[in-house]
Amino acid sequence: MPRELTQNRIQKLWIPSKDDKPAVPSRGRGPHLANPPTLIVMVGLPARGKTYMSRKLTRYLNWIGMPTKVFNVGEYRREAVKHYSSFDFFKADNKDAVEIRHKCAIAALRDVKAYLTEEGGQVAVFDATNTTRDRRNLVCSFGNEHGFKIFFIESVCEDPSVIASNIMEVKVSCPDYQDCNKTDAMEDFQKRIECYRQTYEPLDPDNYDRDLSFIKVIDVGRRFLANRIQDHIQSKIVYYLMNIHVQPRTIYLCRHGESLDNVLGRLGGDSGLSSRGRKFSSALANFVEEQNLADLKVWTSQLRRSIQTAEALGVPYEQWKALNEIDAGVCEEMTYEEVREKYPEEFALRDEDKYYYRYPSGESYQDLVQRVEPVIMELERQENVLVICHQAVMRCLLAYFLDKSADEMPYLKCPLHTVLKLTPVAYGCKVESISLNVEAVNTHRDRPEELKRGPGTLIRRNSVTPLTSPEPLKKPRIDDLEEAPDMLPSPLPSPLPSTLALCSSTHLPLALPGPNLNRGSLDRR
């Protein structure tokens, strides 16, 4: 018999009742997906941008509401082997080192399982070279045992300039080379690449791997090869990867000039600029001219105050309906005091959960993220862009680039008459706040003191690895492998022989702290 429906007060969603009681909706979990959890497996030689893609993709998936975390096997290896000696560690015939790297991969997969089955994760990214069929078969067995969908992302690049740039910008500054000069680090890392190249087995779409789901990203996005894309998540991943690029660029975000409704403290509306708002528009025109950017694109919303601000620039601009301010529904053009008086329950509910709260006949921040997703995709495709938008919209865009959680997003400070200059860097985004020195009202409203709280257990973060996640209790990745003889056929190897020490004259013993590993079906094939 069909169950009765009850409308959830915060999100305004209709929820089936159970035993005459409303079912409790899942919060902080993003959209409900019928598909099983997804394990993304990176593939490729070192310095091919795998970690860059892993972190960027994770940031995007978290932003659209799919809890995602990266598990970087290199971090596990660095915790297991406290001192890096040289590229000899990555030789295929170095049996002790091969065993250690295998155990580190097992430890990472153990944490993947916990994240996807116990911690509310929907997508995990297994960030490692995974260059051999044996390793990929192991991961497939792991996924099959636990009911995870597997999707491979292989990065293929043989452009020497791209590889050299990646090594210099990222690899030589990693912990492995913290005591080395750049020349020695560069040489060692290139030899490390050659160690992997000797056993590299690329994904084969025509024969061996024809039944796997994957995408090959060739020469930093110049070409793509997609194979057996099977569900919504995989199609989102492919679409995203086909839109990003690594070219240097700058993104400028600002709000429109102060409006007449801003002066009156009214929500939304479509009023024109105040006298100070027009003054800001002129200051913004001077600022843009000083930046001297070639082919700068300017985007606005379709609201009057945003368009008036762009008009002062004297350059072509493009209007996006998706950039319109959040729809406050029945509260449009009301002040906060009027909302509190007329709709006291709605006022309190919005304070309770500002990200998920939906205005009656209006939108929530969660709705807004979905609305501006095409803007993010186009921003990733473009080079230099100035976006003139609104407070809630700017918060959504900023949360994407700065990897802010759903809990933080509605309280990000985006003052009027201030330009935020965003410069994408290797694994993140640098932000510079530039005030144009034109006074304006303060429209920011802090989270009420009584509702301030610490990060929840399911806070949406780009938790790159378990150790560097924002969890209150950080756990070691690897623990007492010698006490887990059932996990792997051979015992923990003794410390590696002292080979050529690249960064130090001594080779320190191994230290492998962390919880015991359960081998399960992760035997080598």
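Modeller: Before the first angle, a definition: axes are lines fitted to C-alpha atoms, and angles run from 0 to 180 degrees between N-to-C directions. The model is predicted.

Biologist: Why do helix 1 and helix 13 count as roughly antiparallel?

Modeller: The axes of helix 1 (residues 50-63) and helix 13 (residues 365-381) cross at roughly 160°. Over 145 degrees counts as roughly antiparallel. The pair is therefore roughly antiparallel. Their axes come within 11 Å.

Biologist: Which residues of helix 1 and helix 13 meet?

Modeller: From helix 1, K56, Y60 and W63. From helix 13, V369, V372, E373, I376, M377 and E380. This contact holds six nonpolar, no polar and three charged residues.

Biologist: What makes K191 and E187 a salt bridge?

Modeller: The N to O distance of their side chains is 3.3 Å. The cut-off is 4 Å, so the pair qualifies. Both residues lie in helix 6 (residues 182-197), four residues apart, about one turn of the helix. An α-helix has 3.6 residues a turn, so residues three or four places apart point the same way.

Biologist: What makes R371 and E363 a salt bridge?

Modeller: Their closest N and O atoms are 2.8 Å apart. The limit is 4 Å, so this pair also counts.

Biologist: Are R371 and E363 buried or partly exposed?

Modeller: Under 20% means buried. E363 has a relative accessible area of 16%, so E363 is buried. R371 has 21%, so R371 is partly exposed.

Biologist: How do you know that E378 and R381 form a salt bridge?

Modeller: The N to O distance is 3.8 Å. E378 and R381 both lie in helix 13, three residues apart. E378, at 23% relative accessibility, is partly exposed. R381 is partly exposed as well, at 48%. Elsewhere, shared partners join E75, R77, R78, D176 and R192 into one salt-bridge network. The whole structure has 25 salt bridges.

Biologist: How do you know that strand 10 pairs with strand 14?

Modeller: At least two bridges are needed. Strand 10 (residues 251-255) and strand 14 (residues 418-425) have four and run antiparallel. I251 stands opposite L422 in strand 14. Strand 14 is also joined to strand 15 by eight antiparallel bridges. V419 stands opposite I434 in strand 15. A hairpin of two residues links strand 14 to strand 15.

Biologist: What makes strand 12 and strand 15 edge strands?

Modeller: The open sheet has six strands in the order 12-11-13-10-14-15, with mixed pairing. Strand 12 (318-319) and strand 15 (428-435) each pair on one side only. Helix 14 (residues 391-402) packs on this sheet, touching strand 10, strand 13 (385-389), strand 14 and strand 15. The direction of helix 14 makes about 150° with that of strand 10.

Biologist: What makes strand 4 and strand 6 a pair?

Modeller: Strand 4 (residues 38-43) and strand 6 (residues 123-127) have four bridges, in the parallel sense. Two would be enough. V41 stands opposite F126 in strand 6.

Biologist: Which residues of helix 10 are buried, and what covers them?

Modeller: In helix 10 (residues 304-311), R305, S306, I307, T309 and A310 are buried. Their cover includes helix 9 (275-291), strand 11 (297-300), strand 12 and strand 13. Across the 525 residues of the chain, 55% are buried.

Note on methods. Residues numbered from 1 in each chain as written. Predicted model: local features only at pLDDT ≥ 70, side-chain atom pairs only at ≥ 80, totals over all residues. Heavy atoms only, no water. Parallel < 35°, antiparallel > 145°, perpendicular 65-115°, else oblique. Contact = heavy atoms within 4.5 Å. Nonpolar A, V, L, I, M, F, W, Y, C, P; charged D, E, K, R; others polar. Buried < 20%, exposed > 50% of the residue type's maximum accessible area, 1.4 Å probe, protein only.
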